[in-house]
Protein chains: 2
Amino acid sequence: MTRYETREVHLARRPDGMPVTDDFRMITTSLEPPGPGQVLVRNVLMSVDPYMRVRMAKLPSYPHWELDQVMDGSAIGVVERSEHPDLPVGTVVSHRLGWREHAVLDAGHASTVRHIDGIPLTAHLGVLGMAGFTAYVGLTQIGALTPGESLYVSGAAGAVGSAVGQIARILGAGRVVGSAGTPAKVAYLVDGLGFDGAFDYHVESLSECVATNIPDGIDVYFDNVGGGHLQAALDSMNQHGRIVVCGAIGEYNALRGQPGPSNLIYVLTKRLRMEGFTIREHMAEYPAFVARATTWLLDGQLRSTDTVVSGLESAVDAFRDLLAGRNIGKMLVRLSEDPTPPPDRGAASA
Amino acid sequence: MTRYETREVHLARRPDGMPVTDDFRMITTSLEPPGPGQVLVRNVLMSVDPYMRVRMAKLPSYPHWELDQVMDGSAIGVVERSEHPDLPVGTVVSHRLGWREHAVLDAGHASTVRHIDGIPLTAHLGVLGMAGFTAYVGLTQIGALTPGESLYVSGAAGAVGSAVGQIARILGAGRVVGSAGTPAKVAYLVDGLGFDGAFDYHVESLSECVATNIPDGIDVYFDNVGGGHLQAALDSMNQHGRIVVCGAIGEYNALRGQPGPSNLIYVLTKRLRMEGFTIREHMAEYPAFVARATTWLLDGQLRSTDTVVSGLESAVDAFRDLLAGRNIGKMLVRLSEDPTPPPDRGAASA
């Protein structure tokens, strides 16, 4: 019976602070062939995401990764061997078995990715994938943004943040403002993504800078960073404002022990709502989102932006770069070449 | 034209930390007689409440008191002179012009208090008044407590807290636990009000103490105290738990500048909702609450508990005692004697 040799990345120990190379281990392993109802997938692209830092720790009520086991995460790949009629060889699928070059999985754990001219494969892990969907659910369900309301997003040049600003605009937000960590990112938010305002958060007083950029106050704050960013936003929140707690990348390497904002009293005095969520609990709405977002991408209202590095051996560095804010848009690791898109029907019939 | 001489308490300056006597001034003033549509009320009882400490400061989005003006707050009084047919002399009314011995107000700003045998007048400012209503709205609207869920309330022996625990039990809560600052209060919560558990929060590790008293975790945390109490509750919150931010009496004398909880990351990882509210925005539901709570009081499910001091000259001390936690139940100031209840109809016809 043929076995498939492949590589995967294991969590070797729980990181203390910023993860280092030795917290991970690259393993060469061999996979059993797919059994009945299963497929063997060659991964093409894998995602690295901030939430993964949280899964490296053991926290209550949050699923953590086991040591000496392969990690997981969103990925896209091509079916190379199939034991299921719905997913023939050559099918492009998205699934949850990232951090490895090949995966064997039940067909039910894979979703077919349909090729659409003009939409790159990377978008399916970014603005059309969990990042874009997180932005959408956060804005519509958690933040309940209504037309005309102002939106402020921290970590705005990241995968989720860049989608938040763009989707807020599409949904009719009033002022859309974001913060990011480099002048290049700030320029990109305004010139590339159409934010009304953006600023570099390396300022003396973040609170004053937020107030200057959003002089009429914040109705919805989409928090990807936490810490001092949350404190500055609280100062500028309008009455009955909503704080969408999506991430706290500024705190993930500490996770616990950093003092919280000293102005949390505003939750009371301004009657704010602050709510955390994880996207996995909202998957029922994902198909509807993909349909809407595909239209937005094709008509140019929404842009897909990615930072892509190559090779599974670069995945840990890509993850560290992500935590250090070195990406613009979705941070991805390319594990193998894109499959050839299906032939254009018009061309084939000519 | 007769004018009415009376006394009232002014805010003389904004307190720095715990309010001191010199932050206030007792003024003797004379009132114009009631004009058309107005009534003159002799106040019988006035309320002192934690939120008043916040109104003494100038905070964004929260109505503050002006200096050298009389403060206000809930009160109950008797109409002594009337220029409105709906409120004849002798009518008992509740209204918002506390911190004074007499008040002239438009009839539309007063609500008739109906005498019910077995319900003392004090209850109308406590468990049937804004304190009880705040507990009810916080549990039902903000916390969305469902039967079987566990409830933890800090400041549980106060006016709102003591109503929270009792109403949660009536609404079908599972475990009901409260914290308070003295052994006498703790005993009262369990023996007097039927809490499942209570503890003195002067412990070495509040977090461990909360966990021990609510071993299966908290579904709804009703926060009256803030600060370290919020931090301890966050440690024990269950997934999808709700934090009702009703007060932060532990922080009112600082108001800003104290570090927030260092485990706010749990809002994200446990998918919590945290929401502040003020009762004035929910008044449409007040009559329905009074109807329900009156039944609960009469059938003994709900107890009215008060700490009453006498004389407007004691009002500032009563307020300071409230902030220092020296009350059990609702803290009230008696300004004059209760009016005679209307004669019993059965007796009159006998």
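## Aromatic rings and their contacts

The charged end of A:Lys270 sits over the ring of A:Tyr266, 4.4 Å from the ring centre (the criterion is NZ of Lys or CZ of Arg within 6 Å of the ring centre and within 35 degrees of the ring normal). In chain B, B:Lys270 lies over the face of B:Tyr266, at 4.4 Å from the ring centre. The model is predicted, so local features need pLDDT of at least 70 and side-chain atom pairs count only at pLDDT 80 or more, while totals for chains, interfaces and linings use all residues. Residues are numbered from 1 along each chain as its sequence is written, chains are lettered from A and ligands numbered from 1 in the order in which they are written, and side-chain values use heavy atoms, without hydrogens and water.

**Ring pairs in general**
- Over all chains, the structure holds 18 aromatic pairs (rings of Phe, Tyr and Trp, the last by its six-membered ring, with centres within 6.5 Å; planes under 30 degrees apart are stacked, over 60 edge-to-face, the rest tilted).
- A cluster of A:Phe133, A:Tyr136, A:Tyr286, A:Phe289 and A:Trp296 is linked by ring pairs.

**The pair B:Tyr136 and B:Trp296**
- B:Tyr136 and B:Trp296 form a tilted pair, 6.3 Å centre to centre with 55° between the planes.

- B:Tyr152 and B:Phe199 are stacked, with 6.0 Å centre to centre and 15° between the planes.
- B:Tyr152 is buried at 0% relative accessibility, and B:Phe199 is buried with a relative accessible area of 5%.

Terms used:
Buried < 20%, exposed > 50% of the residue type's maximum accessible area, 1.4 Å probe, protein only.
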